[in-house]
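Morning, everyone. Please look at the model first.

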Amino acid sequence: MASITRTPTRPPVSTPTEPASDESPNSGPGFSTLSVHAGEARQKPGDAVTDAIFCASTYTFPSTQSIIDFIEEEHEREEYGRYGNPGERVAERKLATLEGAESALLFASGMAAFVGLLMAKLNTGDEVIFFDECYHRSREFCFKHLARFGVKTLQVTTGDYAAMEAAITPRTRMLISESPTNPHLSCIDLERFAELGRKHEVETLIDATLATPYNLRPINAGIDYVLHSATKYLAGHNDLLAGVVCGSKEQLEPVRNLRGIMGGINSPQNAYLLLRGLKTFELRMQRHNANGLAVARFLEQHPRIEKVYYPGLESHDYHDMAKRYMRGYGGLVTFCVKDADWRATADVIDAVRIPRIAPSLGGVETLIEQPLVMSYYKQTPEDRARFGISDNMIRLACGIEDAADLIADLEQALAQ
Ligand SMILES: *Cc1c(COP(=O)(O)O)cnc(C)c1O
């Protein structure tokens, strides 16, 4: 049914400003061709070029015998909206192809995907180990909620593979990290991480939301599960929530089953918007990558800036690791304003004209926020220090506007 599918190879490493419709030769269609066509039927309902939005909560059978055939022969068709819908299946095939994974499973949000995966995989007495720089809600789910079911969460310093190995016990079931991490943009040695899992027979999960399959392919490095908040770059327009887990069909089967019970599936309308966003995925990522790098370079030489976190900068602690695994470095830039308390930092944010003040990232509109205020306001100074969130830190999620305009805007905001 799908007209174009293939397993993409690891993206070639290049500077993010280079045009990157450059899949290695002899390996089938390029990334943008796949973004447009992969997972889609060549001829669609109504002879339309686009996939239809089927507004249906349930799907009809022509006869009792056809229900029995469906149950006995397990052929692919819809049954009831909580188990799947046609647009969502197209999106899953497209995302699996882009990720180089056998299978993908779409959820109503990134967190629904994270919770769904862990709930399907973990039992009382099991343990999970995290690299500590990660989305605070993922951490909260593990420490506050998995704990209620007798699952133990351990946290080790990001990039400390020896500490992670030392924390592994016979009860460990999953090793978890983001790459790059948020907001410090630390990058994981994916092969080493995967090897740690293989050696101890523990599954590995990478949340690669900040990288996307355009910039990073953890499956090719041997990682079991790749998770994305598709709300961000994959959908790309700040207009929907979605999440996806990619992996092998077999490993995802229990997760798919639990999703059908939990009901955390995405709507046909959102699946369509996600598919629409994915058509321009490569074009958008090229611009996000170029804008991120241009803004990071501008900030790095600015006298009012104390530090810039961006994996594409030679000064970044993880630049070599990023270069090894990533095609581009994304649109997220984190920086600290020199000699500024939290209020002076907020003044910079309040002075910008193009970026909108909001959480999230990965959409066409540039967004700006102060992690201290947006995500860590109610935490103690000790906790903020532990997670490396300083009062003078700003997180800028570059959209696809013109880099020159973003830079001029930051220049005037920093001049005030
Ligand atoms: C946003 C985000 C999530 C959560 O995704 P939602 O779609 O908001 O539920 C998880 N991980 C990372 C890295 C994110 O940026």
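Is Phe-387 buried or exposed? Phe-387 is buried, with a relative accessible area of 14%. Buried means under 20% relative accessible area, exposed over 50%, and partly exposed in between, using a 1.4 Å probe and protein chains only.

Some ground rules. This is a predicted model, where local features need pLDDT of at least 70, side-chain atom pairs count only at pLDDT 80 or more, and totals for chains, interfaces and linings use all residues. Residues are numbered from 1 along each chain as its sequence is written, and side-chain values use heavy atoms, with hydrogens and water left out.

Now the aromatic pairs. Rings of Phe, Tyr and Trp (its six-membered ring) pair if their centres lie within 6.5 Å; planes under 30 degrees apart are stacked, over 60 edge-to-face, the rest tilted. That rule gives 9 aromatic pairs. One of them is Phe-131 with Tyr-161, edge-to-face, with 5.4 Å between centres and 85° between planes. Phe-131 is in strand E2 (residues 127-131) and Tyr-161 in helix H6 (residues 161-167), so this pair links distant parts of the chain, 30 residues apart. Helices (H or I, at least four residues) and strands (E, at least two) are DSSP runs, numbered from the N terminus. Phe-131 is buried at 0% relative accessibility. Tyr-161 is buried at 8%.

Back to Phe-387. Its ring pairs with Tyr-376: the centres are 6.3 Å apart and the planes at 40°, so the pair is tilted. Tyr-376 sits in the loop between helix H14 (371-374) and helix H15 (381-386), and Phe-387 in the loop between H15 and strand E12 (393-397), so the pair ties together parts 11 residues apart in sequence. Tyr-376 is buried too, at 5% relative accessible area.

What lies over the face of Phe-387? Arg-139 does, at 3.6 Å from the ring centre. A charge sits over a ring if NZ of Lys or CZ of Arg is within 6 Å of the ring centre and within 35 degrees of the ring normal. Lys-307 has its charged end over the ring of Tyr-309, 4.9 Å from the centre.

One cluster to note. Phe-31, Tyr-214 and Phe-281 form one aromatic cluster.

Last, helix H9. Its buried residues are Leu-252, Val-255, Arg-259 and Gly-260. Their cover includes helix H3 (86-99), strand E1 (103-107) and helix H4 (110-121); contact means heavy atoms within 4.5 Å. After H9 comes Gly-263, with a positive phi near 85°.
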